[in-house]
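Visitor: I want to learn how to read charge pairs, pockets and cores in a model. Can we go through them one at a time?

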Amino acid sequence: MVKLRELTKTTFGSTRLENCRQTLSRTAARRSGVNELRTLVRKQPSSRPCEAEDSKHSRVQKTALRIRSLNLVPPPFLHSGGGVAAVRGNQRAVGVLNFLEEAAKRLNSVDPVRFTISSRTDTGVHALSNAAHLDIQRRPGQQPFSPEVVTKALNTHLKHPAIRVLKAFRVPDDFHARHAATSRTYLYRLATGCSWPNQLPVFEQNVCWALPTEYLNIEAMQEAAQHLLGTHDFSAFQSAGSPVTNAVRTLRRVSVSPGPASPFVLPQESRRLQFWTLEFESQSFLYRQVRRMTAVLVAVGLETLAPTQVKVILESQDPLGKYQARVAPAHGLFLKSVLYNNFGPCH
């Protein structure tokens, strides 16, 4: 290296040496995607040209995200650090929020970025499309990031392969991802026709509840589901540990229907395997409400309960009853969508 430097000085002189150094520096930067991203984040041009470049005040930028997360690790191993755990209440388990906030440190906000997520799910529950908001405080003179830069920066630095930011949006300062949601839809997947869970295709084992039966009385489940529709006190379907004191909720829609065929099922397996889908829509749900309602509807499908008994359970408001205390496994549940008024892109 010393000989090369001396040769360069002798042959080209100090001016050309400096030019070579600059050229090498630019080449190295182009080869590094991370460096390109850092440059883009630091020098993002203004999306509002009318804003003064020399502002003396820090600018807070509120951004909403659509997020997808998939629990790829069987529940017994979630606490070993390999899975995506959930965050509920003030608990700070290693979960989706923690990975997002770690990635957001690369945005160089004046204050640490904190995410507010629309729906806090249990360990093992998947999210096809969750929503969250974050506030990014830029330093004086710096312009707001574009939504594309926020999306690219977070996905570049997310350290869990099962979490992905789908899209970012600029939102008003008073937007709140949890309180502003007008509708949430959860989807639960069931599988019948396998005597043991390990008889499922490997890619289905952690994304549905395998029932050890060949038959479900779907008509009885659909009849029972009608008793849950409307506005009720759902205390009977709320698990202990919830900080919510008002258990009245309005269930707008509940359906029980055949699910789509799995692309992971071999032809010889498809003759006996059948998938079923339960969907629940409400503005908000109680803690584990969907999983407990699912367990009761499955009991009806197995003809352990009569459809009319679901109404009796609901009106009892007793969460410790024999059947309503059962909770369907988390890995069959998906947060399907979160909707907002006057926020078209999240629809």
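Visitor: Is Arg-114 buried or exposed?

Guide: This is a predicted model, so read every value as computed from it. Exposed means over 50% relative accessible area, and buried means under 20%. Arg-114 counts as exposed because its relative accessibility is 53%. Glu-101 sits at 10%, so Glu-101 counts as buried.

Visitor: What does Glu-101 form with Arg-114?

Guide: Side chains of opposite charge can pair when their charged atoms come close. Here Glu-101 and Arg-114 form a salt bridge, with 3.9 Å between the closest N and O atoms. Glu-101 belongs to helix H3 (residues 96-104), while Arg-114 is in the loop between H3 and strand S2 (115-117). The two are 13 residues apart, and the pair links distant parts of the chain.

Visitor: How many salt bridges does the structure hold?

Guide: Six. One of them joins Glu-102 to Lys-105, with the closest N and O atoms 3.1 Å apart. Glu-102 is partly exposed at 35%, and Lys-105 is exposed at 55%.

Visitor: Which side chain meets Arg-189 in a salt bridge?

Guide: That of Glu-204, at 2.8 Å from N to O. Arg-189 lies in strand S5 and Glu-204 in the loop between S5 and strand S6 (209-210), so the pair ties together parts 15 residues apart in sequence. Both residues are buried. There is also a network of salt bridges, which links Arg-253, Glu-279, Glu-281 and Lys-336.

Visitor: Now pockets. What is the volume of the largest pocket?

Guide: Rolling a probe the size of a water molecule over the atoms shows where empty space is left. The largest pocket has a volume of about 620 Å³. It is lined by 27 residues, and Ser-119, Arg-120, Phe-285, Leu-286 and Tyr-287 are the closest to its centre. The lining divides into 10 nonpolar, nine polar and eight charged residues. S5 and H7 each supply at least two residues of this lining.

Visitor: Which residues touch the most other members of the largest nonpolar core?

Guide: Leu-190, Phe-237, Phe-280 and Met-293, out of 51 residues in that core. Elements that each supply at least two residues include strand S3 (126-138), strand S5 (181-192) and helix H7 (289-301). H7 gives the largest share, seven residues. Setting aside residues up to four places away in sequence, Leu-190 touches several residues, among them Trp-209, Met-221, Phe-275 and Val-298. Apart from this core lies another, of 24 residues, including Leu-97, Ala-153, Ile-163 and Val-165.

Methods:
Residues numbered from 1 in each chain as written. Predicted model: local features only at pLDDT ≥ 70, side-chain atom pairs only at ≥ 80, totals over all residues. Heavy atoms only, no water. Core = buried A, V, L, I, M, F, W, Y, C linked by side-chain atoms within 4.5 Å. Buried < 20%, exposed > 50% of the residue type's maximum accessible area, 1.4 Å probe, protein only. Helix = DSSP H or I, 4+ residues; strand = E, 2+ residues; numbered from the N terminus. Contact = heavy atoms within 4.5 Å. 1 Å grid on protein atoms, 1.4 Å probe; cavity = no way out; pocket = protein on both sides within 12 Å on 5 of 7 lines; lining within 4 Å. Points joined across faces, edges and corners; volume = space filled by probe spheres on them. Nonpolar A, V, L, I, M, F, W, Y, C, P; charged D, E, K, R; others polar. Salt bridge = Lys/Arg side-chain N within 4 Å of Asp/Glu carboxyl O.
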